[in-house]
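Subject: Structure handover

Hello,

Here is the structure I said I would pass on. My notes on what was found in it follow below.

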Amino acid sequence: MDLTPYVDNLRRELAVAADAGGDEARALAERLSAPLESAVRLTLLNVLSAAMGDITRELAPGSVDVRLRGLDPEFVVTAPPAPEPVRDEREAVVAPVVAAAPAGEADDGTMVRINLRLPAHLKGRAESAAAAEGLSVNAWLVRAVSVSLDGGGRASAPGRGKDSGGRGFTGWVR
């Protein structure tokens, strides 16, 4: 990116302002134009660097860098890695049937919002699984939770079978 037009524009603006002040102001403007050029270039570089930092945060894991080539900044864009293609596993995987809610727990249609924080590797796997089944991640998670809670064939934890009241605990703790 060539900054020369911007610096030249600043010199012109300074000259126009100095013309209104007479010969002394014109001489002062000429003496100040060289140091101002360096200051303007540095300021523009700082602004561009800050903007590239903001863009990089939005592009993560990609990035944008500003590098100097001579007196002019240059942008270097590193694109984020392309997502892995989603395998079509619909023929190989039969979706589990979601059991109906037990009596007394009928769905009244009320929706609630929760925040779920997943490690990055699980988020990617959940997105891939949802895409493979043609569902949104939200719909896939709702179905997975429903199957899990309604006894979708998952074995109970050792020592938590029928003799402990039929209640089981599964999951992980960090």
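Which residue just after H3 takes a positive phi? The residue is Gly 134, with a phi of about 70°. Please keep in mind that this is a predicted model.

First, the chain as a whole. The chain has 174 residues, and 11% of them count as buried. Its accessible surface comes to about 14000 Å², and carbon and sulfur atoms contribute 58% of that area. The secondary structure consists of 4 helices and 2 strands, arranged along the sequence as α-α-β-β-α-α. Among the contacts with a separation of 6 or more, 41% are between residues 24 or more positions apart.

Next, helix H3, which covers residues 120-132. H3 has 13 residues and reaches 18 Å from its first C-alpha to its last, close to the 18 Å expected at 1.5 Å a residue. Ala 126, Ala 130 and Ala 132 are buried in this helix. Seen down the axis of H3, its buried residues fall within an arc of 160°, so they line one face of the helix.

What do the buried residues of H3 pack against? They pack against helix H4, residues 137-149. The face of H3 turned away from the buried side carries Ala 120 and His 121, which are exposed. Buried here means under 20% relative accessible area, and exposed means over 50%.

Regards

Terms used. Residues numbered from 1 in each chain as written. Predicted model: local features only at pLDDT ≥ 70, side-chain atom pairs only at ≥ 80, totals over all residues. Heavy atoms only, no water. Buried < 20%, exposed > 50% of the residue type's maximum accessible area, 1.4 Å probe, protein only. Contact = heavy atoms within 4.5 Å. Areas by Shrake-Rupley, 256 points an atom, 1.4 Å probe, with all protein chains shown as cover. Expected span 1.5 Å × (residues − 1). Arc of directions from axis to C-beta.
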